Amino acid sequence: MGFRTFKSWTKALIPALCLVGAPLVRAQQPSSQAYVAEGGEALTFAMGLWGDAFAARRQGFSLEVKVAGEDKAFHDLTEGKVQMAMLARDLTPQEQEAFKARWGYRPERVALAMDALVWVVNKDNPIKRLSMSQVEAIFCAERSLGWPQEINTWGEAGVREREWSDMPVKRYARTVDSSVMGLINLFMPPSPPRLPVPFVADAMAMTEAIAANPGGICTANLSEVFASLRAVPIAPNGSDVAVEPTPDSVSSGAYPFARFLYVYINKNPKAGVEPMLRDFLAYALSDEGQQYVKSAGQAPLNKDIMGLNLLKVTGQFSMDSKTLR
């Protein structure tokens, strides 16, 4: 589907900075020995926050954060050009084999945060909930989930307020290079979109469009729910329980349309992770580090996921069994 960005707009929209497609973000001015994290924009803002915070406490550390395609990022990790490849997906078998052919072992995947697919409307829109079958009836040309007809007005979606019930549903679509596309492909039914539909180039364009059009709705990720928007609670197909997408509901698993955000690193099985990189990732996986995930508009990891990924990085198990079971 074609539903689908670091430069300041307003303080309220700082988390959108990682979505504007800028080629380079710096956690601080890098030295010639700077560590480099490269990849998709989903982790960019959190990575910059971690880099600034860790550099303030560790002399000699600096981090360069590059926005690039995920394929390129992993290729550069394989070639030894970067220390972290930021991906929101699993590697392909070909990527795994290319890395192993170069280094003799497979790369290490470390989960650092979570993201979620959400549907945003104008903050004044009174819609209380949507089911996935209704979402499909709004956005998709086919209705495989069972809603009986296309949804064209907010009244058809369940809104009863007089001034809203006859208001047309104004659909907006994300461009194919949007960070939301991976989430759409993961969770939306494989149906072509309802056309015609205006495309919004990035999170800022989406926010402006829906702020100006009270009947607007668009797919987004969790970090794009700004002050003029509201994320609609969603009921999964086959359930009557709608869940509001928040960092807490995503972290707990209550909101089901979520994914992990990863970095892939070159971890020598015998030598372990290089010490400075190890300490940086351990900081990102600490309680303090995970608070920056919320500052970036995304969802922190559960304690058990934090602990298991910290084990990958440090080789030490820092949690008692009661925390995990």
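How many salt bridges does a search of the whole structure find?

Mentor: The search finds 19 salt bridges in the whole structure, a salt bridge being a side-chain nitrogen of Lys or Arg within 4 Å of a carboxyl oxygen of Asp or Glu. The model is predicted, so local features need pLDDT of at least 70 and side-chain atom pairs count only at pLDDT 80 or more, whereas totals for chains, interfaces and linings use all residues. Residues are numbered from 1 along each chain as its sequence is written, and side-chain values use heavy atoms, with hydrogens and water left out.

The setting comes first. The chain has twelve helices and twelve strands; these are DSSP runs numbered from the N terminus, helices being H or I of at least four residues and strands E of at least two. Of the 325 residues, 53% are buried, where buried means under 20% relative accessible area, exposed means over 50%, and partly exposed lies in between (1.4 Å probe, protein chains only). The accessible surface of the chain comes to about 14500 Å², and carbon and sulfur atoms account for 52% of that surface. Such areas come from the Shrake-Rupley method with a 1.4 Å probe, and for residues only the protein chains shown count as cover.

Among the charged pairs, Glu70 and Arg89 meet through their side chains at 3.2 Å, N to O. Glu70 belongs to helix α2 (residues 70–78) and Arg89 to the loop between β4 (84–87) and α3 (93–103), so this pair ties together parts that are 19 residues apart in sequence. Glu70 counts as partly exposed because its relative accessibility is 23%, and Arg89 is likewise partly exposed at 22%. The pair also belongs to a salt-bridge network that links Glu70, Asp71, Arg89 and Glu95.

A further pair joins Glu150 and Arg194, again at 3.2 Å, N to O. Glu150 lies in the loop between α4 (132–139) and α5 (162–165), and Arg194 in the loop between α6 (181–187) and β8 (199–200), so the bridge connects parts that are 44 residues apart in sequence. With a relative accessible area of 33%, Glu150 is partly exposed, whereas Arg194, at 10%, is buried. The loop between α6 and β8 also holds Pro196, which is joined to Leu195 by a cis peptide bond with omega of about -5 degrees. Lys123 and Asp124 form another salt bridge, at 3.3 Å, N to O; Lys123 is partly exposed, with a relative accessible area of 46%.

The loop between α2 and β4 holds Val82, which counts as buried because its relative accessibility is 5%. Leaving aside neighbours within four places in sequence, Val82 is in contact with Val36, Glu38, Ala73, Asp76 and Leu77, contact meaning heavy atoms within 4.5 Å. Val82 and Asn266 are 9.5 Å apart in space, C-alpha to C-alpha, although 184 residues separate them in sequence.

In soluble globular proteins, nonpolar side chains tend to be buried together. A nonpolar core is here a set of buried Ala, Val, Leu, Ile, Met, Phe, Trp, Tyr and Cys residues joined through side-chain atoms within 4.5 Å. The largest core has 94 residues, of which Met47, Trp50, Met84, Leu112, Trp119 and Val263 touch the most other members. Strand β5 (residues 108–122) gives this core its largest share, eleven residues. Beyond residues up to four places away in sequence, Val263 touches a set including Leu43, Met47, Met84, Leu112 and Leu281.

In α1, ten of the 14 residues are buried, among them Met47, Trp50 and Phe54. In α11, the buried residues are Met306, Gly307, Asn309, Leu310 and Val313, and their cover includes β5, α9 (275–284) and α10 (287–295). Leu311 is also found in α11, which runs over residues 303–314, but Leu311 counts as partly exposed because its relative accessibility is 32%. Leu308, Leu311 and Phe317 together form a nonpolar surface patch with about 250 Å² of accessible area. Patches consist of residues with over 30% relative accessible area and no salt bridge, with like charges joined within 9 Å and nonpolar side chains (Val, Leu, Ile, Met, Phe, Trp, Tyr) within 5 Å. Just after α11, Gly315 takes a positive phi of about 75 degrees.
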